[in-house]
Amino acid sequence: MTDLATTETPATDRHSARGFRASAWRGLERLVSLAILLTIIEGGIRVFDVQPYVFPAPSAIGLALYDGIANGTFLHALGVTLTEILGGFAIGSICGITLGIAMVQVPLLDRLIYPYVVGMQTVPKVAIAPLMIVWFGFGISSKIVIVALTCLFPSLVNTIAGLRAVDSDRIALITAMCGSRAQLLRYVQLPNALPYIMAGLNTGIVLAVIGAIVGEFVGARTGIGVLILQANFGLDLAAMFAVLVMIAVTGVVLSFILRQIELRLCFWSGKATK
Amino acid sequence: MSVAAARVAPAPALEVSAVGLTYRTTSGPVEALRGISLDVRDGEFVSVVGPSGCGKSSLLKLILGLERASRGRLAMDGREIAGPSRGVGAVFQAPVLLPWRTIEENVLLPADVMKLDRPSATERAHALLTMAGLGGFEKKYPYELSGGMQHRTAIVRALVHDPRLLIMDEPFAALDAITREQMAIELQRIWTESRKTVVFITHSIGEAVFLSDRIAVMSARPGRITAVLDNPALRPRSFADLTKPALAELSTEIRRHLDLAIQ
């Protein structure tokens, strides 16, 4: 049935079917290489009898991951941390993009604010995390603020860069049509900045994961960071690795989703037109 | 008597009288244009030919209202040009299409910016696209089109708001020689059908002779108009016509003025 369907579809569909097969193959490659790597580690640990409090075997990590997910503690913690990540990311990015637009449109604002933004960025987020806990408490809101502060900078800087990187011909084009500055922003600058903004968001989402965990380390009741600390105190390295795997997967999935959105939104990016 | 005659005679579509332009730079003032005078009648196709750096593009910026003249006066339909005008359509050296807009949306950009009635503008855009041989490409994106088609899209975009005056700044400079001739033939056809007043800036003598009613020759630094020559040949013209005695002589004449201009 499916074979029939593929042979009868027009060239474009056949092309995408080939694309699907290629990406499926690439996925298989990664899975197989990962399986080989894990087998080598597992074998090495068994042969040299490495103790589980030094380096846990992949099978033990897998078991800990399964246990954590099955008894619900992992997913609950992930839910809390994910809320912090996404909430803080949304607030930070929206503020960053809005501030970036305002700073490009109003040069005075740029001159006044930019030094403070850079100054704030040079202060490590770990250093201000305790302050945020004092101000916003042990709950979810302090972590959201920390994540938002972390995500603000990349989206802000990239928005500014994207809005400024406009071809002078395109400015002349809109100006010659009697276009206003607001129209230049809407029809040329913002679409032009979109690939830059998406790149900033992609950096931001990865930083957001770090920000949330750091915030939880400093002070929290639940969350992935708390799980790591608990596993650390109990010298339960298998559980710790299991949590780390979960964080890594979360980061990769979030980044992948953003990349897919970027490919849809900026379909024209990288295609040569003058 | 003369007053009555002045009242009867319509104002030229474009009036450039004794225009000078001096740029202030860090190393002192640079005179780009000096004493430029040129009247373009309604429906006329006028080319401006000159060597590189003769200030052709500066003249164009003045006509587009993107820059103000240091001296002299520019007027469209008798009204002084004080800034960009809706009565002008511009075609630049590059097509300058927005890659995130389809061909149709690109052509409709002036309609969006000038807040024109969208349905009637769309109808006009479709008619113009068909006239330019781009029918069926409305939903394509610029990167899916060839260089020549992108340039035709840019011409259609400049015409979509039905401007009084079409300004073209070396629009085919980036194209290969064969596509370039085809574009000139295409432009002659579009011009014949739309009868716009056109100011065409080029450094191709052949293109200027092929397309124009009159040709203004410019000299370099500071840019001055050294001659304005009439082209008597009837339309439609072909590139083969360029070898006929009258047009060959015209080309030679332009070349002679350019040589003088360069010296």
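Strand β7 (residues 165–169) of chain B runs parallel to β8(B), and 5 bridges join the two. Helices (H or I, at least four residues) and strands (E, at least two) are DSSP runs, numbered from the N terminus, and two strands pair if DSSP finds at least two bridges between them. The structure is a predicted model, in which local features need pLDDT of at least 70, side-chain atom pairs count only at pLDDT 80 or more, and totals for chains, interfaces and linings use all residues. Residues are numbered from 1 along each chain as its sequence is written, while chains are lettered from A and ligands numbered from 1 in the order in which they are written.

A right-handed β-α-β unit is made by β7(B), helix α7 (residues 177–194) of chain B and β8(B). A crossover is right-handed if, with the strands pointing away from the viewer, the path from the first strand over the helix to the second runs clockwise. Strand β8(B) also pairs with strand β3 (residues 45–49) of chain B, in the parallel sense and over 5 bridges. In that pairing, B:T202 of β8(B) is the bridge partner of B:V49.

Strand β8 (residues 197–202) of chain B is mostly covered, with 6 of its 6 residues buried. A residue is buried if 20 or more other C-beta atoms lie within 10 Å of its own, exposed if 12 or fewer, and partly exposed in between, with C-beta atoms placed from the backbone. In a regular strand the side chains alternate between the two faces of the sheet. In β8(B), B:T197, B:V199 and B:I201 point one way and B:V198, B:F200 and B:T202 the other way, and all are buried.

Chain B also holds an open sheet of 4 strands in the order β2-β1-β4-β5, with antiparallel pairing. Strands β2 (28–40) and β5 (79–80) of chain B stand at the edges with a single partner strand each, so one side of each is left without a neighbour in the sheet. Strand β1 (residues 14–25) of chain B is joined to β2(B) by 9 bridges, and the two run antiparallel. The bridge partner of B:Y23 in β2(B) is B:V30.

Helix α2 (residues 56–64) of chain B is largely enclosed by the rest of the structure, because 8 of its 9 residues are buried. The buried residues of α2(B) are B:K56, B:S58, B:L59, B:L60, B:K61, B:L62, B:I63 and B:L64. After α2(B) comes B:G65, whose phi is positive, near 80°.

Chain B is divided into domain 1 (2–87 + 164–262) and domain 2 (103–162); domain bounds come from an automatic or database domain assignment. The centres of domain 1 of chain B and domain 2 of chain B, taken over C-alpha atoms, are separated by 25 Å. Their contact takes 13 residues from domain 1 of chain B and 11 residues from domain 2 of chain B, where two residues are in contact if their C-beta atoms, placed from the backbone, lie within 7 Å. On the side of domain 1 of chain B that touches domain 2 of chain B, α7(B) gives the most, with 8 residues. The residues of this side of domain 1 of chain B divide into 7 nonpolar, 3 polar and 3 charged. Ala, Val, Leu, Ile, Met, Phe, Trp, Tyr, Cys and Pro count as nonpolar, Asp, Glu, Lys and Arg as charged, and the others, Gly among them, as polar.

The secondary structure of chain A comes to 11 helices and 0 strands. Chain A has a radius of gyration of 24 Å, well over the 19 Å that the globule rule gives for 274 residues, so chain A is more spread out than a compact globule. The radius of gyration is taken over C-alpha atoms, and the globule rule is 2.2 Å times the number of residues to the power 0.38. Along its principal axes, the C-alpha trace of chain A spans about 75 × 65 × 30 Å. Of the 274 residues of chain A, 31% count as buried. The domain assignment of chain A gives domain 1 (7–47) and domain 2 (58–265), and 30 Å separate their centres, taken over C-alpha atoms.

Between the chains, 19 residues of chain A are in contact with 22 residues of chain B. On the side of chain A that touches chain B, α8(A) gives the most, with 7 residues.
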